[in-house]
Amino acid sequence: MNCDITREQLIAYLYDEDIHPNERERLKVHIETCSSCSQTLEELGSTSRILNAWNDEQPNLDLVFVQERQPLWQNLLPTRYPKTWATASVAIAAILILTFLNIEFAIRDDAFHTSIGLRSSDPPEQIAIADTSEVISLDAPITRGEFIIHQQNLINYTHRLVHASQNQQRAEVNNTFIRLVGELETQRQQDLLRIDRGLQILYNTHATRYDQILTQMDSVKKELFFYDNAAEVLIVPEDNRPYRTIPTGRKTP
Amino acid sequence: MNDAELIAQFRAGQIAAFNTLVKRWECPIYNFVLRYAGNRDDARDLCQQTFIRAYKNMRRLRDPDKFTSWIYQIALNACRDAGRRRSLVSLDTLDTPIADTTTPPDAIVHEQSVRDLLNRALQNLPEEQRVVIIMKEYQGLKFTEIAETLKVPLNTVKSRMYYGLSALKKIFDRWHISEDMVRYEL
């Protein structure tokens, strides 16, 4: 082409697209008078008509998309309340740990003490000390008989101390065991209540899931009926795993 | 129901809406990839890949009214990816006869010969010109839609169309292909 008509203008004129009516009229007048543009336009048109001899084909692919479903057994697992069991386990473990952490070992008043749970609020048993009047001044001389008596008093005093200490320890251990039994019984009752609530929730969850599974099965049956003529079924996972196709064995019409 | 409504239903969870889209676009997409790739085996695979990619990426389509250019973009990318994996394009498998009992045998042979000749001619074009010609002549897209699909300026599309048709004219002259030859009167 030797004139000032561009290739894009010729194409727009040939397909009558994206061209203003005034521009189209101007081009029409020019083409009628310009042999070069006229011949080019005719060649482009002829090529276009030859190309249109290639008709479309029918693909006969019968593509059908089916969403991948979870296996049935996965539907039976509790999915909405997984924390119940973990919470109950943690609570029981925490109770046991705290229970053991409350054991106290102490040495007071030259005696070995143990306590579980609450600290004992009972004051230690006061041991009566021997009457001070029985203590003889160390400055005065004493006889052999007096020495023996004082030695016997000291031995008796020591026995009383040991006996009092034993009584006190027995009393504290008894009180501690009584309190421990009471606390364990209380915890046992609370744990039974939690377990009962968890079982009730699990039962309700399973009943709901069972109904959902029945509904899904009805839906699947309807879809299989709807796609009865499909020649091929594609199963497309939601993640990036490869898709897979399943030929149904049906002949395409 | 138009494409945008079907897309909305699919996004709401109705996979049957997507299958309706597939039925509607199966033929245009198949013929587009067939003319791009030049053989039926590749065309079947490319068509399937196109719809699988569309299924997986539907949520990325921002404007459902632009579904046409979007699906052709996916198809074209699938063709180009396949072309990169396989540098040669087979030109022979279009000779496989199509089962057709209503047309006389010589007409079938004639149609297959025309189809094969035109396929070979198109495969001789540069890829960018071939894509524009296929989209315009066979898929019926407007120049603006082609420009949107290929993400090139409008004048670039028209320019590629001009050079593509001119190159085909030379090929047709060399192979003695004329309008009379391809026109078959039964």
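This is a predicted model: local features need pLDDT of at least 70, side-chain atom pairs count only at pLDDT 80 or more; totals for chains, interfaces and linings use all residues.
**View 1. Glu42(A) and its charged partner.** At 46% relative accessibility, Glu42(A) falls in the partly exposed class. Across from Glu42(A) sits Arg49(A), and their side chains form a salt bridge with 3.2 Å from N to O. Arg49(A) is also partly exposed, with a relative accessibility of 41%. Side chains of opposite charge can pair when their charged atoms come close.

View 2. Is Glu179(B) buried or exposed? Its relative accessibility is 18%, and Glu179(B) counts as buried because the limit for that class is under 20%. Setting aside neighbours within four places in sequence, Glu179(B) is in contact with Ser46(A), Arg49(A) and Ile50(A). The side chain of Glu179(B) meets the side chain of Ser46(A) at 3.0 Å, and a polar contact of 2.9 Å links the side chains of Glu179(B) and Arg49(A).

**View 3. A salt bridge from Glu57(A) to Arg40(B).** The side chains of Glu57(A) and Arg40(B) come together in a salt bridge, 2.9 Å from N to O. This pair crosses between chains: Glu57(A) belongs to the loop between α3 (35-51) and β1 (65-67) of chain A, while Arg40(B) belongs to helix α3 of chain B. Glu57(A) and Arg40(B) are both buried. Elsewhere, salt bridges with shared partners tie Glu42(A), Arg49(A) and Glu179(B) into one network. Glu57(A) has another partner to look for, since a salt bridge also joins Glu57(A) to Arg115(B), with the closest N and O atoms 3.5 Å apart.

**View 4. The contact between chain B and chain A.** How many residues does each chain bring to the contact? Chain B gives 51 residues and chain A gives 44 residues. Together the two chains bury about 4400 Å², with 62% of that area on carbon and sulfur atoms. Gln48(B), Tyr162(B) and Glu179(B) provide 15% of the area that chain B buries against chain A, more than any other three residues. Between chain B and chain A there are 6 salt bridges. The interface also holds 17 residue pairs in polar contact. On chain B, the elements that each supply at least two residues of the side touching chain A are α2 (15-37), α3 (40-57), α5 (105-123), α6 (127-138), α7 (143-150), α8 (154-174) and α9 (179-182). Sorted by class, that side of chain B has 28 nonpolar, 9 polar and 14 charged residues.

**View 5. A salt bridge within chain A.** Asp16(A) and Arg24(A) form a salt bridge, their closest N and O atoms lying 3.8 Å apart. Asp16(A) is partly exposed, with a relative accessible area of 49%. Arg24(A) is partly exposed too, with a relative accessible area of 30%. Over all chains, a search of the whole structure finds 18 salt bridges.

View 6. In soluble globular proteins, nonpolar side chains tend to be buried together. The largest nonpolar core of this model has 70 residues, and those with the most contacts inside it are Ile29(B), Val33(B), Phe51(B), Met58(B), Phe67(B) and Leu168(B). Which element gives the largest share of this core? That element is α2(B), with 13 residues. Another core, of 10 residues, lies apart from this one and includes Tyr13(A), Ile19(A), Cys34(A) and Leu41(A).

**View 7. The elements of chain A.** Chain A is built with 6 helices and 5 strands. Read from the N terminus, its elements run α-α-α-β-α-α-β-β-α-β-β. Of the 253 residues in chain A, 23% are buried. Among contacts in chain A between residues at least 6 apart in sequence, 56% join residues at least 24 apart.

Definitions and conventions. Residues are numbered from 1 along each chain as its sequence is written. Chains are lettered from A and ligands numbered from 1 in the order in which they are written. Side-chain values use heavy atoms; hydrogens and water are left out. Contact means heavy atoms within 4.5 Å. Buried area is the accessible area (1.4 Å probe) that two parts lose on being put together, summed over both. A salt bridge is a side-chain nitrogen of Lys or Arg within 4 Å of a carboxyl oxygen of Asp or Glu. A polar contact is a pair of N or O atoms within 3.5 Å; within protein, one must be able to donate a hydrogen and the other to accept it, and residues adjacent in sequence count only if both atoms are side-chain atoms. Helices (H or I, at least four residues) and strands (E, at least two) are DSSP runs, numbered from the N terminus. Ala, Val, Leu, Ile, Met, Phe, Trp, Tyr, Cys and Pro count as nonpolar, Asp, Glu, Lys and Arg as charged, and the others, Gly among them, as polar. Buried means under 20% relative accessible area, exposed over 50%, partly exposed in between (1.4 Å probe, protein chains only). A nonpolar core is a set of buried Ala, Val, Leu, Ile, Met, Phe, Trp, Tyr and Cys residues joined through side-chain atoms within 4.5 Å.
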